[in-house]
Amino acid sequence: MTTKNVHVKIDEMKTNAGLIKNLELSIGKVISDNWTEPMGPTPMPHISTLRDWDMKLLNKYKPFYMPDCDLCCLCTYGKCDLTAGKRGACGLDIGAQSSRIVLIACSIGAATHTAHARHVVDHLIEKYGRRFPLDVGGLNVKVEAPVTRLVTGIKPETLGDLDEVLTYCEAQITHCLSAAHTGQEGNNLDFESKAFHAGRMDQVGMEVADIAQISTLNFPKADPEAPLIRMGIGSVDRTKPTIMCIGHNVVPSVGIIDYMKDSRLDDKMEVVGLCCTAFDNTRYYDRAKIVGPISWQLKFVRAGFADVVVIDEQCVRTDIFNEAEKVKAPVIAASEKNCMGFKNRTNDPADQIVDDLVSGRVPGVLILDPDKVGEVAVKTAVKIAPIRRKLNVLPSLEQVKEIAKTCRHCNLCQRSCPQDLKIPAALKAAAEGNIAPLTALYEECIGCGRCEEACPQKIMIHSLIVKAGEKELMSEDNLCRSGRGAVSDVEIRSVGGPIVLGEIPGILAVVGCANYPHGGKDVYDICREFASRRYIVVTSGCSAMSAGSYRNEEGKTLYEEFPGGFEAGGVLNVGSCVANSHIAGAAIKVANIFAKRNLRGNYEEIADYIHNRLGAVGLAWGAYSQKAASIAAGFWSLGVPVLVGPHGSKYRRMLLGRSDKPENWEVYDARTGEIVNTGPAPEHLFQTVETPQEAMVQIAKLCIRPNDTWKGRAGKLSHYIDLHKRHYGCMPPDIHMFVRTTADIPITMKDEIVPILKEKNWKESVIPDPTLLPRMIRKQKE
Amino acid sequence: MSCEPWQCAEIAATKKANPIQKPEIAVAMIKKASRPLLIVGSNATQRWMEGKQLIDYIIDFANASKVPVVATAHMVGEFLKRGYQPAAFMTAMDIGQRVVDPTWQGIDGKGHPDLVMFVGLPYYMEALILSGLKHFAPDQKTMTLDNLYHPHASWSFPNATLEEWANNLKVMTSKFNEGGQ
């Protein structure tokens, strides 16, 4: 669809009817729509349009709230004590308050992605024009924007079309956030429904951002063979001037890379990145390098190898200027959203800014012109690198020992550590000359620095840990596949049937941040386990980096060991945070391309299809941010279960099914209108898992869907049982809930399962054509 | 022993756990309960005291007290390896949600537990679940057997050393061994 603003001005025109002078005619939009798919029932849904659908899910998966705080302090009536059923001055109780916090988190996340998209789209329109065509995969991708088509009913063809999509999202997110004002929404489930809506907007916003940058910046286009990128500090040539870009928005980095290449300096310097900016740098320039997940930026900055730090937006440490100053690395802030208190030097001559940074007259600057960011960053890095090479930024091992001796063993560091790391014991050992316990903390430390804030002796504990782990840090040199972008229509056609029939046992999306309970190895292990079992494993963001940070017995990383296609046993990295939209997009495209369901403004039907038929599970093992919350909300709304690691419990609300309540597991059989009990499939919509072993068992179980064929169900059960026996040491106690006919029983496990079925008084049931929507019943019940 | 939250930011608000100053008090309260339940988390194999894992202390305690155990995470396998059969196993969130439900009839289907004890979950997870119970099951009595003070419980041991913790668990086990439940 294309829309144009039309403005006609006639100064003077003679016609048979007379003389026309000074006529001005404005038409808001001319809509040219050559998309023949009929419009579904819910194009551009408002905050309550999909409420009935949300309530179906929320009735099946009831919120379990775990308030982090007993109080509400959001208005001047408060603080109000909401403990144990008390209502606040506005009338809100703790359940509604808890869901209100969920809505606020999801609205922040959706606003962040959408504002990111707005910046990218406006910038790219300015640079390439509104008519620049969208292309995310050439002839292999005809459904270029499945989420946008589904939610808005718009089929965007040019950059300009994305403008209208974003305007819609911006309005909706404003409505979502407004509902959290005092005296607006009062019911917990309505807050939850609005959080789902924020999640839907989030997915659209992410998709817009990514398809705009893929189309214009020539990122890999649905490419299973996207380049393998070197990753880790060990991959960085530390003799070269190094620019480290931190954040999520590639626009300033493009300025850096372009200037570096135009100046023929690309062989003479390094551009490295943290988090999503790193991925998008590599999608633009495959010689850029990734140093690691964003949560660990403190250790990467303190390691001191970056000569210039460029920050854009999202998840940047807000004290980064202090940290960079300690290692004498100038900072360039390049986003309006993240000015860091620096003077705006956008309109100053580049060489003057460079002089100020290199001389140390200013620790950092704000530059809002990406081309100027490029020139200043490159010139500064080249000039300052020889000076910085003389600096020793980390303490020596002897200094570590001496500093550790000043520890008073008050335990405040451990008590402030999210991981409860045994820092006092490690410092005691270090003071006695044994550095090993401090080194052992390196892998598990998430780099938040709370230990240092708590220390009454002002010991730079994190720096001591980084020094103790320096050998490991500097030897990190792995490979991560650059973000491939969308899943192609061709791939969907190949695997759509096997996924829906259950013959490919599931799609596991390992996404999100790096707030891991015990380091990143768990992510690698989980990905490898499921890829080896021929699930489709999709990665993105910091999890995609962790997945590539370890090697198998043959020395291969995950991305070398497994193919990069959307296929059984594939491990594919879609890219940065905003590329998460392609995971939802792939699910939507299965419904559209394989099952021939209309997408256009047809949210409920497609979500119902995905929920009941597509064995997909998201795992955000280290999720920490509000953006992760809104990404999850988008998947909840589509009926896709999401697991989080133990720190994810701090999202304070789970959406849990009750396997012991059979009435929760009823669906309509669309063929007959009969109500059929399908068992707890999928059992939960949002669940915390405590250990990687538990995650693996839950993933296998959550891939089970009512629609599985007997062959598919048997395959899924064999994985579930096998993992359950391996990690739990016994048969699953709920196996009878997932066997519908004896054909569902994995053939090699018959002897074990049949006696269990007898003991549980199991009865055979039918395999329905499952739906939660009465309107989808083809033959109404008499 | 201090009654400050172990993790510094885990500040309680208006309702704060009563400290258990002696293990004998915990034993008395458990004996008073008619349907106690013990939820054991993944730190059961991560915490060592006097050369013995927490899970082994728990098994001794559970055998002596006959309190049914719900294992979370993959701990069921660890219990089974040691020859102990937990009454049930499920995720920590699943058991938390069931306890909040007043209509839930317990693991054995014979009635809602009147005392729910926790031990060995990651501190922050345990704190959150206890908060959920405090708010949404206000009549539910909860207790922690950890060595870290949990303000959201009804009763909690204060922060204690590993040696003190081991001693608390041993005393509790011995009191049940002496007198039965």
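Modeller: Let us begin with strand E16 (residues 571-575) of chain A: 5 of its 5 residues are buried, so the strand is largely enclosed by the rest of the structure. Buried means under 20% relative accessible area, exposed over 50%, and partly exposed in between, with a 1.4 Å probe and protein chains only. Helices (H or I, at least four residues) and strands (E, at least two) are DSSP runs numbered from the N terminus. This is a predicted model, in which local features need pLDDT of at least 70, side-chain atom pairs count only at pLDDT 80 or more, and totals for chains, interfaces and linings use all residues. Residues are numbered from 1 along each chain as its sequence is written, chains are lettered from A and ligands numbered from 1 in the order in which they are written, and side-chain values use heavy atoms, with hydrogens and water left out.

Colleague: Which strand is joined to E16(A) by 4 bridges?

Modeller: In a regular strand the side chains alternate between the two faces of the sheet. Here the partner is strand E15 (residues 536-540) of chain A, and the two run parallel. Strands pair if DSSP finds at least two bridges between them.

Colleague: How many aromatic pairs are found over all chains?

Modeller: A pair of aromatic rings is described by the distance of the centres and the angle of the planes. A search of the whole structure gives 14 such pairs. Rings of Phe, Tyr and Trp (its six-membered ring) pair if their centres lie within 6.5 Å; planes under 30 degrees apart count as stacked, over 60 as edge-to-face and the rest as tilted. A:Tyr720 and A:Phe738 are edge-to-face, at 6.1 Å centre to centre and 85° between the planes. This pair links distant parts of the chain, 18 residues apart: A:Tyr720 is in helix H27 (residues 710-728) of chain A, and A:Phe738 is in the loop between H27 and helix H28 (750-759). Both A:Tyr720 and A:Phe738 are buried. In chain B, B:Phe79 and B:Tyr84 form a tilted pair, with 5.6 Å between centres and 50° between planes. B:Phe79 is buried, with a relative accessible area of 0%, and B:Tyr84 is buried at 11%.

Colleague: What area do chain A and chain B bury between them?

Modeller: The size of an interface is often given as the accessible area lost when the parts come together. For chain A and chain B the value is about 3,800 Å², 57% of it on carbon and sulfur atoms; buried area is the accessible area (1.4 Å probe) that two parts lose on being put together, summed over both. A:Phe64, A:Arg415 and A:Glu690 supply 21% of the area that chain A buries against chain B, more than any other three residues.
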